[in-house]
Amino acid sequence: MYYWTPDGRQILDGTAGLWCINAGHNRKPIVEAVQRQAATMDYAPPFQVGHPVAFEAATAVANVAPAGMRHVFFVNSGSEAADTAIKMALAYHRARGEPSRRIVIGRERGYHGVNIGGTMAGGIPGNRKVWPAMMAGVDHIRATHDLARNAFSKGQPAHGAEFADELDRLIAFHDASNIAALIVEPMAGSAGVLVPPAGYLEKLAATCRRHGILLIFDEVISGFGRLGSPFAAQYFGITPDILTCAKAINNAAVPLGAVLASDAVHDAIVNGAPEGAIEFLHGYTYSGHPLACAAVLATQKLYAEERLFERAREIAPYWEQALHSLRGARHVIDIRNLGLVGGIELEPRAGAPARRGFEAHVGCFDAGALVRCTADILALSPPLVIEKSQIDQLVETIGAVLQSID
Ligand code: PXG
């Protein structure tokens with residue numbers, strides 16, 4: 001649960017590194033699995049040949065995947081997963097004889113990494129403005145943030161299912177025959193912890209299905225227990241067509257991401273290729289890297305043995321109540337939570353947006369706790385092994401720091 005600074009101070013990790021160390025730091029079974037693998041087989045090519053550890057890791061991921069999503073494509077990061085998912089969606093429509101379906105719809109404030117597809121489908125203006133229109137044909141639905149109606153919601157906010165109607169507007173505008181996919185984080189993380197309103201994701205999924213648009217869930221943050229279930233897809237009871245993940249897949253021990261595909265997506269692409277041809281011309285030198293895959297196996301085993309996803313679910317009510325005890329604290333204009341995720345939105349300082357959030361981040365670090373800040377929102381996502389006393393420490397630290405800054 002801790003980092004130590006070079007001068008020996010202990011820092012409580014309130015962010016699981018960067019939403020990724022779900023089992024806690026330096027877990028022995030994972031460390032040893034990576035060491036063993038490095039000494040057994042350092043590398044093998046993923047083109048034309050394969051190796052057993054990659055297949056075992058794919059099976060381990062498929063075993064916790066939403067029903068019907070048993071096809072796993074390994075990449076090296078969440079960004080590569082997003083771009084791979086987008087290419088997969090276009091390949092699917094082409095294989096089925098609908099090559100006009102090329103537009104990808106994202107959401108404002110969405111984050112899908114920093115490669116070309118993810119940058120364009122993402123909805124963070126600062127991340128896009130230097131590279132406008134690198135990928136033709138993206139559009140965005142609005143974000144669901146609605147402080148006026150939903151401030152201090154516990155869990156899913158009550159208001160805002162109608163934000164999903166934005167998708168109907170874009171379908172009417174572009175025509176469904178030109179739209180390949182909708183990509184969203186089921187719970188938006190990086191841009192400030194935006195929890196989907198009740199009924200919103202259900203509406204998006206139904207609209208996609210009705211119009212033959214693939215639904216891509218970016219579960220790079222929400223995957224592997226963050227919400228108390230293997231994926232957000234199971235938490236919300238909504239199965240996408242394509243799902244991206246990374247980070248906690250192997251406790252971030254070695255870089256790895258994955259794209260999961262439904263049978264329909266897999267079969268259309270693979271069965272649609274001429275006999276003997278390469279089905280999906282895409283892949284990386286390090287896809288299925290043995291060290292990363294060994295870490296997947298050890299991590300998934302640890303999650304199961306220690307029931308860490310259930311643990312997250314069990315401790316989530318305590319987490320919620322502790323976070324919301326900060327209601328009324330200085331500068332706080334909203335608190336939101338889901339699973340083991342928390343967002344604390346601060347009133348921006350007049351004329352200096354993002355400054356107060358950054359000072360809170362630095363103040364917490366000086367006081368022995370690591371919290372993320374994204375503009376004036378503090379984002380929390382502790383390892384799933386956090387104890388109640390550590391939740392108290394985190395919340396008390398934040399409360400004291402907010403009191404101390406202007
Ligand atoms: N999708 C989502 C939903 C993410 O959160 C990525 C894709 C990209 O993953 P890679 O592995 O390429 O970084 C992410 C990454 C933050 C923060 O401040 C979050 C991420 C990265 C950097 C900062 O919350 N998530």
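Q: How reliable must a residue be to count here?
A: The model is predicted: local features need pLDDT of at least 70 and side-chain atom pairs 80 or more, while totals for chains, interfaces and linings use all residues. Residues are numbered from 1 along each chain as its sequence is written.

Q: How many residues surround the ligand, and which are closest?
A: There are 18, and the closest are Ser 77, Gly 78, Ser 79, Gly 113 and Val 220. A residue counts as near if its C-beta atom, placed from the backbone, lies within 6 Å.

Q: Why is H14 called oblique to H15?
A: Helix H14 (residues 355–366) and helix H15 (residues 388–404) pack at about 125 degrees, their axes 9 Å apart. That angle makes H14 oblique to H15, because under 35 degrees is roughly parallel, over 145 roughly antiparallel, 65 to 115 roughly perpendicular and the rest oblique. Angles run from 0 to 180 degrees between N-to-C directions, and axes are lines fitted to C-alpha atoms, for helices over the stretch in contact.

Q: How do you know whether the protein chain agrees with a compact globule?
A: With 406 residues, such a globule would have a radius of gyration near 22 Å; the protein chain has 21 Å, so the two agree. The rule is 2.2 Å times the number of residues to the power 0.38, and the radius is taken over C-alpha atoms.

Note on methods: Helices (H or I, at least four residues) and strands (E, at least two) are DSSP runs, numbered from the N terminus.
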